[in-house]
Amino acid sequence: MTYHIRKVGVIGSGTMGAGIATLVAGVGLPVTLLDIAAKDTKAGDPAAKRSAVVIDNLNKLKKSRIPAIFAPDDVDRITVGNLDDDLNLLADADWIVEVIVEKLDVKQALMAKLDEVRKSGAIISSNTSGLSINAIAEGRSDDFRQHFLGTHFFNPPRHLKLLEIIPGKETLPEVVETMRQFGDRILGKGVVIAKDTPNFIANRFISIAGGFATAYAIDHGYSVEEVDQLTGQIIGRPKSGTFRLSDIVGNDISVHVAQNLYPAIPDDESREIIKHEGTARVYNFLLENKFLGDKTGQGFFKKVDNNGQREFWPLDLKTLEYVPPTKVRFDSVGKVRKIEDTGERIKALINESDRAAQYVWNVLAYYLAYASRRVGEIADDLISIDNANKWGFAHEMGPFEIWDAIGVRETVQRMEQDGYKVAEWVHQMLAQGCETFYQRSNGAITGVYDPAKQAYVLIQPDERVINVAALRANGKEVERNSGASLHDLGDGVALLEFHTKANALDEDVFKMFDRAFTRLDTDFDALVIGNQGDYFSAGANLFVMAMAMQNGDFAAIEQMIRAGQDLAMRLRYFPKPIVAAPFNMAVGGGCEFTMGSQRVVAHSELYIGLVEMGVGVVPAFGGCKEMLRRVVNPVMQVQYAEVLPPLQKVFEQIALAKVSTSAMEARTMGILSSKDRIVMNRDHLIYEAKQTAAEMARSGYTGIPREKIYASGRDAKAALIMGVYGLEQGKYATAHEAKIARKLAHILTGGDLTAPAWVDEQYILDLEREAFLSLAGEAKTLERIQHMLMNNKPLRN
């Protein structure tokens, strides 16, 4: 049977349930979201009153500090209701996911009701974080059990990549495959197939291995700050480390998950770590005082106002008192910090001898040995365990990948000498002469050891996953300098990759663009601009700009601006396809080059905008011109249209340095167009951009005609400046901000035009450049740039 998911039902509207509903609505599917009927209501009361629980929870989600909704109109695709009156709304749903309280009897009672309402063949799933999937489906019809499985999302579901799929004993293979494909391709998740064991894969590890990291710290006198440094970026994990992560998740949640796990795993030889006395003492203190972490404003860290300075004071794990923050420094960390490769950095660190090295060694040794002992129980393959740890917690490397990097044979003996028992199958693997868990060729993983077969098995490559490092290892890098590279993606398509710090745009990046244009004339049919760094691009190199300003070298600044403008125009009008593939942060020049490209294939998690105001200047690589072309032009092509609404929109977005919270919002801002594509799975981004570029080439793309820009003239400029005057008088804008805003108004309205006119693009570009150069001579602009370079946040002076 073929399954198509076109309508979804979600039961439970808490943070997770509402988050799943908005995620699904964000990819364009209609969703029915149900929860319990509001208290003190009865059948026959107004629907909004009965469904107040869902409505209130959705409203809370809209205000979430971490954006949960891709675009405001996503909510329009969600139909709300309550379980007493509206269960019949699920009758035509293709997939229904339950996200209610973690109590087996309550879930079973709900499943009985769903069994009566669902259509035959509808897929039903539970988002349980640890209850038995088979137990939840007990007593249900054959068709229900065949279409029932676990779909365990991680919170917040929009942002965390992992989706654990847990088949039941009777789940049809085609149902599992349908949900795997839907999670991967439509929702953009990293899907792992887990066994129906307590807490599945990721939560099992965070409870046991995470519990050891805490217990070892307490037993050996490590501070909260030391542990978070040593379990953070230095070993390829988020900077939240261990204790900050617990505050984010909620210290009560951490305890609840661990306490529920303990009785469920009587055969797990490591479960006693959950009841560690020192750990229990610390968490009891936190819970008794309601120091639950971020949601109560205090946990392992407490915000303190120290003479007007906000500080985060860590908890002393011995005295249970909050203490002033300190600078954590270890000789070993300083020695290895600059090693770029994470595996090599970890290997170097654990071979040092100070307290930091000892802590990291013991935490990782426990973690890796525990992973070896869980193979076959929680998952049959090593890849699932690695991916669950990486995707669930944003780790760069999973346990078996780390083990390969530090050397399996040379660490097994050390682990066991230190009391960390390694599974027998690892000894057998080494005895066979298999030295690593993964086989690699030219930077790509080609095989993985299968303990059951006692042999390597082939990994089928996914054509949608293009790895830039593997391209380089396979000799596909055709041009390189210190700032950028050009790669051959095949099928006549080249990839231009930035690799500067934060992928800032510098002279070497510009030179590589020149080389790319040359190679497009001779060797390639299309170009993709993309990379696999942390950011697409943080914009122009501010350090270079600041140095030129300090030296009064305005000729150099003008040359940089002209080069950026010329490049953006060349991108737009080049006679062969050029496709940008932005993701994560694309600000300033990164945004301008994205808009300059002929087409965009963006990852859904795109934070893009023109933020130059924050450093005291205006967009000058064509950003102002492009926003006028994209937002004002279409309106003014209609007779008798009013210019101020679209003009005000552009002005406010640039003046407030607004950055989108998603690619979908970037489309509503006018930064992305209706022709641009949005990809949910970042692993597929470069592949999808390549497909778009290749299709444009096959369709005979030869460029586009040049376009005029609507300049609204003197009256519109006066209206904008009047608004700036009000903000300055009301103390909402500083004098320098008002000066920048007036120059922005000058650009957006066409300068000194006495009447509206359609002008050449170069006319607006000249205004951009003149304004930028003028502001570059201001001392307060240099202060802003220097502050950003030193503190990574804007200065309002």
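Trainee: Where is the place of Asn-792?

Mentor: Look in the segment after α32. Keep in mind that this is a predicted model.

Trainee: Why does Asn-792 count as exposed?

Mentor: Its relative accessibility is 67%. Exposed means over 50%, so Asn-792 gets that label.

Trainee: What is said about the phi of Asn-792?

Mentor: Phi is positive there, about 55 degrees, although Asn-792 is not a glycine. Ala-394 is also a non-glycine with a positive phi, of about 60 degrees. You'll find Ala-394 in the loop between α16 (382-393) and α17 (399-406).

Trainee: Why is Ala-394 called partly exposed?

Mentor: Its relative accessible area is 45%.

Trainee: Which peptide bond is cis?

Mentor: The one from Asn-155 to Pro-156, with omega near 0 degrees. Pro-156 sits in the loop between β6 (148-153) and β7 (162-167).

Trainee: On to charged pairs. What makes Arg-118 and Asp-143 a salt bridge?

Mentor: Their side chains meet with N to O at 2.8 Å. The cut-off is 4 Å, so the pair qualifies. The pair also links distant parts of the chain, 25 residues apart. Arg-118 is in the loop between α4 (104-117) and β5 (123-126), while Asp-143 is in helix α6 (residues 142-146).

Trainee: How do you know whether Arg-118 is buried or exposed?

Mentor: Arg-118 has 9% relative accessibility. Buried means under 20%, so Arg-118 counts as buried. Asp-143 comes out at 22%, so that residue is partly exposed.

Trainee: What about Lys-347 and Glu-410: how far apart are the closest N and O atoms?

Mentor: They are 3.4 Å apart, and the two residues form a salt bridge. Lys-347 lies in helix α14 (residues 342-350) and Glu-410 in helix α18 (residues 408-417), so the bridge ties together parts that are 63 residues apart in sequence. Lys-347 is partly exposed at 32%, whereas Glu-410 is exposed at 51%. With the exposed label starting over 50%, you can see why Glu-410 gets it.

Trainee: Where do Glu-695 and Arg-698 lie?

Mentor: Both are in helix α28 (residues 685-698), three residues apart, about one turn of the helix. Glu-695 has a relative accessible area of 40% and is partly exposed, while Arg-698 has 58% and is exposed.

Trainee: How many salt bridges does a search of the whole structure find?

Mentor: It finds 60. Some residues are linked in a network, including Arg-572, Lys-625, Glu-626 and Glu-761.

Trainee: Now the nonpolar side. Which residues touch the most other members of the largest nonpolar core?

Mentor: Trp-95 and Phe-513, out of 145 residues in that core. Apart from it lies another core, of 108 residues, among them Ile-274 and Phe-291. Leaving out residues up to four places away in sequence, Phe-513 touches Leu-496, Phe-498, Ile-529, Leu-567, Leu-571 and Phe-593. In soluble globular proteins, nonpolar side chains tend to be buried together.

Trainee: Which residues make the nonpolar surface patch?

Mentor: Phe-543, Val-544, Met-547, Leu-789 and Met-790, and the patch covers about 500 Å². Helices α22 (542-550) and α32 (779-791) each supply at least two of its residues. The largest share, three residues, comes from α22, the helix that holds Phe-543.

Trainee: Last one: how do you know that the radius of gyration agrees with a compact globule?

Mentor: A compact globule with 797 residues would have a value near 28 Å, and the protein chain has 28 Å, so the two agree. The chain has 32 helices and 24 strands, and 55% of its residues count as buried. Its C-alpha atoms fill a box of roughly 80 × 70 × 65 Å along the principal axes.

Note on methods:
Residues numbered from 1 in each chain as written. Heavy atoms only, no water. Core = buried A, V, L, I, M, F, W, Y, C linked by side-chain atoms within 4.5 Å. Buried < 20%, exposed > 50% of the residue type's maximum accessible area, 1.4 Å probe, protein only. Contact = heavy atoms within 4.5 Å. Patch = residues over 30% accessible without salt bridge, like charges linked within 9 Å, V, L, I, M, F, W, Y side chains within 5 Å. Areas by Shrake-Rupley, 256 points an atom, 1.4 Å probe, with all protein chains shown as cover. Helix = DSSP H or I, 4+ residues; strand = E, 2+ residues; numbered from the N terminus. Rg over C-alpha atoms; globule rule 2.2 N^0.38 Å.
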